[in-house]
Amino acid sequence: LKDRAVIITGASRGIGRAIAVEFGRAGAPVLVNYFRDELGAAKTCCLVEEAGGRAFAFRADVRRKSDVDEMIGACIGKYGNVRVLVNNAGIDRSRPLALTSPEEFMETVDVNLKGAFLCTAAAAKEMMRKRAGHIINIASMLSVKGRPGGAAYGASKAGLLALTKSAARELGRFNVRVNAVMPGFHRTGINPAVTDAVESEVVRSNCLGRLSTPGEAGRFIVFLESCTDISGQVFNLDSRIF
Ligand code: NAP
């Protein structure tokens, strides 16, 4: 992947970092996007380079079009193209439905769905021009299953699946692919309040009796990049059956 530039949003930690490292292992030049965690993004860049890739960190709030446009421009300026975009940045502010304010609901939708839309629209222009590109949206099983307290998060991720399918239909004739993955359950910054009991329950709901790892999600996404005939699809990356 050494000439295919990869942008990963929200790669300062967690699943985004794991995806970045796997693209690094494949030799890709990576733009590590972050919003608040500059140190975390710098650490991700080091890990990508140790794995064999190139990397630089770029601060952009995915909710802001001007930030997103600058990020796409920076990637083209540095690496000459944007061949892969991973829309990974996400937040989850779980609250009971009746206690969720419209502002809280929209905050989640703005990062998880509008952010992915803005990044997709900006990257697609470059990808369509070059007749090559792949956009991977990080969805969630909760978009299909739902969860008490997860209305905003589930709705935003369900929207991401619809965005994936419409964009795949629209961009396919430009040889731009769009897919989504549901990366499995991982204890990361997004779910700090998860207890051991909840984690055990998730383990039990996996038919393999174990959790998947962020590294495995990263390896799958790099593999998907090589599957040039696949677009418009949604992949679940653990052993929960629903
Ligand atoms: P995480 O550790 O909390 O990481 C979230 C990342 O998103 C951070 O790098 C954060 O950047 C970034 N971010 C948040 N708001 C942003 C904004 N406005 N602009 C740019 N970046 C922003 O969470 P994670 O578990 O790795 O989640 C990554 C993705 O996987 C999310 O889309 C999540 O919904 C999805 N997912 C996670 C799980 C799970 O169990 N963990 C399961 C299914 C799906 P800063 O730290 O720099 O602010």
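**A loop, a lysine and a helix**

Tutor: Let's begin with Arg-131, which sits in the loop between helix 4 (102–130) and strand 5 (133–138); helices (H or I, at least four residues) and strands (E, at least two) are DSSP runs, numbered from the N terminus. This is a predicted model, where local features need pLDDT of at least 70, side-chain atom pairs count only at pLDDT 80 or more, and totals for chains, interfaces and linings use all residues. Residues are numbered from 1 along each chain as its sequence is written, and side-chain values use heavy atoms, leaving out hydrogens and water.

Student: What does Arg-131 touch, not counting residues up to four places away in sequence?

Tutor: Phe-174 and Asn-175, with contact meaning heavy atoms within 4.5 Å.

Student: Now Lys-157: which side chain of opposite charge is nearest?

Tutor: Asp-92, 9.2 Å away. Lys and Arg count as positive, Asp and Glu as negative; His and the chain ends are not counted. Lys-157 is buried (under 20% relative accessible area; exposed is over 50%, partly exposed in between; 1.4 Å probe, protein chains only).

Student: Switching topic, which residues of helix 2 are buried?

Tutor: Gly-40, Ala-41, Thr-44, Cys-45 and Val-48. They fall within an arc of 145° seen down the helix 2 axis, so they line one face; the arc uses directions from the helix axis to the C-beta atoms.

Student: And which residues are exposed on the other side of helix 2?

Tutor: Leu-39 and Glu-50.

Terms used:
A salt bridge is a side-chain nitrogen of Lys or Arg within 4 Å of a carboxyl oxygen of Asp or Glu.
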